[in-house]
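Have the model open as you read.

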Amino acid sequence: MFPTSSKTNGKGIRFSKPKKNVYNQYSREDLEKAIKGVKDGRETCLGASKSFGIPRKTLSDHVAGRSSLYRRAGRARNIPATVENAVVDTVIAAARAGFPLTKRQSLLKVGALVKSLGLKTQFKDAIPGKDYWQGTKKRRPDLVIRTPQICASNRLHVMTRTVINKYFDDLEKLLNELDLAQKSSQIWNCDETGLQFSPDASKVIAQKGVRSVVARCSPSNESVTTLVCINAAGTTGTAMPPLCVVKGKTTRAVQSSATHDAPEGTVWTQQANAWMNGDIGVQWFTKVFIKNCGEARPQLLILDSHHSHEVLEMLELAEKERIRILALPPHTTHKLQPLDRVVFKPMKTAYKRHCTEFLAANPDKTINKLTWPGLLRQTWAATMRQEPLQTCFCATGIYPLDRTKIPESAYLLSDAMRSIAVTQSEDCSMNTGQEQEQEQQVEKDVE
């Protein structure tokens, strides 16, 4: 039965009266049984109402056809469910294809659709507002707000199935030729990343409602380029010591750093802008890679096709040492580079956390060449662990070799860009043909 409240009549006798504004305190199955019982003539509307705890007015409306079992509560929708779902599906598909819409853009699209269909709505200027957006999110929980990853346009054109398949063909050929398909400890990947003296602060605890929370940071925006090299085995010790490039023109830039606090075996060098270049690449290859890759031969080193790596001297040294170098296709590292895919993000997250904790615990110190090496050691110990090192080679399909690890969604952007280019080319050719016909007609008129 539905909830009741006790009251007294004029003679002091207490009686029960159904509470008002009681909504949906019954199951749909009970409602269906009650409707069927009344329609079959087994019960009256009042009797079924008491038996199943359903308001009599509600039951009579359903029996008379004035209300439907599938009718949703509240005011009728401004936009039909089929139209709304079609719009949401289109927005989600656009995001997958690399053309995501903002919330405002999607609401403007809905408003344009409302106008084109001639729907009568309560939207101001036919454009949905905040309430409609909140309702849509409740009806479609698969719709969320996300911060997109920025991808350069040149990567959109290069990330094609043809390019990726050729890369995996070359990789498979090398692994078979060198007999490394089952020798993960002889497959290496290297890449560099920059660690700033003043990184973004990690999240901290504060009182709810406080508008801003201030945290200390280093006064210097200087950064150190760190070259990392790992192999596919992922066991302890398979990450080579890093090579750190500090900003400076002479060795004094290195001498002013607390190099003894860095991870064991770290190699230090300097460059005017703390960037990698060809000479530093050769220096790393001789002082770090050859020294730490072990005596087993042959070895495979996979790296970016960056100009600092593509130097003749390094290739000659690699050939003498029976080390093969495979360059990743240009502008594809966001999907194919193991360190980019798995390691560098948690590494920078750990680095930010250690910097924030260090500044909070040492109010009289800043992050500089004296304190940075110690923070790198902490970050290195927290990041270079077995699980992520193994995962990154698997995620990029290098070891075990599996080109299907690159999902179809990785090619959606390039497919969309090529489709646009083809359409523009066809339009251009059509316009050119029309211009030629007009020129020929003018020549005839002149003759």
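## Cores and cavities

Leu243 sits in strand β5, which covers residues 243–247. Keep in mind that this is a predicted model. Is Leu243 buried or exposed? With a relative accessible area of 0%, Leu243 is buried, because the cut-off for that label is anything under 20%.

Which residues does Leu243 touch, once neighbours within four places in sequence are left aside? The list runs Thr225, Thr226 and Leu227, then Val267 and Thr269, and finally Met276, Ile280 and Trp284. Lys287 is another residue to look at from here: Leu243 and Lys287 are 44 residues apart in sequence, with their C-alpha atoms 9.2 Å apart in space.

Now for the nonpolar cores. The largest one has 50 residues, and Ile187, Ile230 and Trp372 are the ones that touch the most other members. Helix α13 (residues 338–361) is the top contributor to this core, giving 8 residues. Leu243 turns up elsewhere, in a second, separate core of 22 residues that also includes Trp188, Phe289 and Ile323.

Back to Trp372 for a moment. Not counting residues up to four places away in sequence, Trp372 touches Leu195, Phe197, Val224, Thr226, Cys244, Trp268, Tyr351 and Ile367. Thr226 is also among the contacts of Leu243.

What about the gaps? Rolling a probe the size of a water molecule over the atoms shows where empty space is left. A search of the whole structure turns up 2 cavities of 30 Å³ or more. Here they are next to each other:

| Cavity | Volume | Lining residues by type |
|---|---|---|
| Largest cavity | about 130 Å³ | 9 nonpolar, 2 polar, 1 charged |
| Second largest cavity | about 30 Å³ | 6 nonpolar, 1 polar, 1 charged |

The lining of the largest cavity is made up of Ile79, Glu84, Val87, Val88, Val91, Ser106, Leu107, Val110, Tyr132, Trp133, Thr136 and Leu143. Three elements, α4 (81–96), α5 (103–117) and α6 (130–139), each give two or more residues to that lining. Which of them has the largest share? That would be α4, with 4 residues.

Note on methods:
Residues are numbered from 1 along each chain as its sequence is written. This is a predicted model: local features need pLDDT of at least 70, side-chain atom pairs count only at pLDDT 80 or more; totals for chains, interfaces and linings use all residues. Side-chain values use heavy atoms; hydrogens and water are left out. Buried means under 20% relative accessible area, exposed over 50%, partly exposed in between (1.4 Å probe, protein chains only). Contact means heavy atoms within 4.5 Å. On a 1 Å grid over the protein atoms alone, a cavity is a set of points where a 1.4 Å probe fits but cannot get out, and a pocket is an open set with protein on both sides within 12 Å along at least five of seven lines; lining residues have an atom within 4 Å of a point. Grid points are joined across faces, edges and corners, and a volume is the space filled by probe spheres set on the points. Ala, Val, Leu, Ile, Met, Phe, Trp, Tyr, Cys and Pro count as nonpolar, Asp, Glu, Lys and Arg as charged, and the others, Gly among them, as polar. A nonpolar core is a set of buried Ala, Val, Leu, Ile, Met, Phe, Trp, Tyr and Cys residues joined through side-chain atoms within 4.5 Å.
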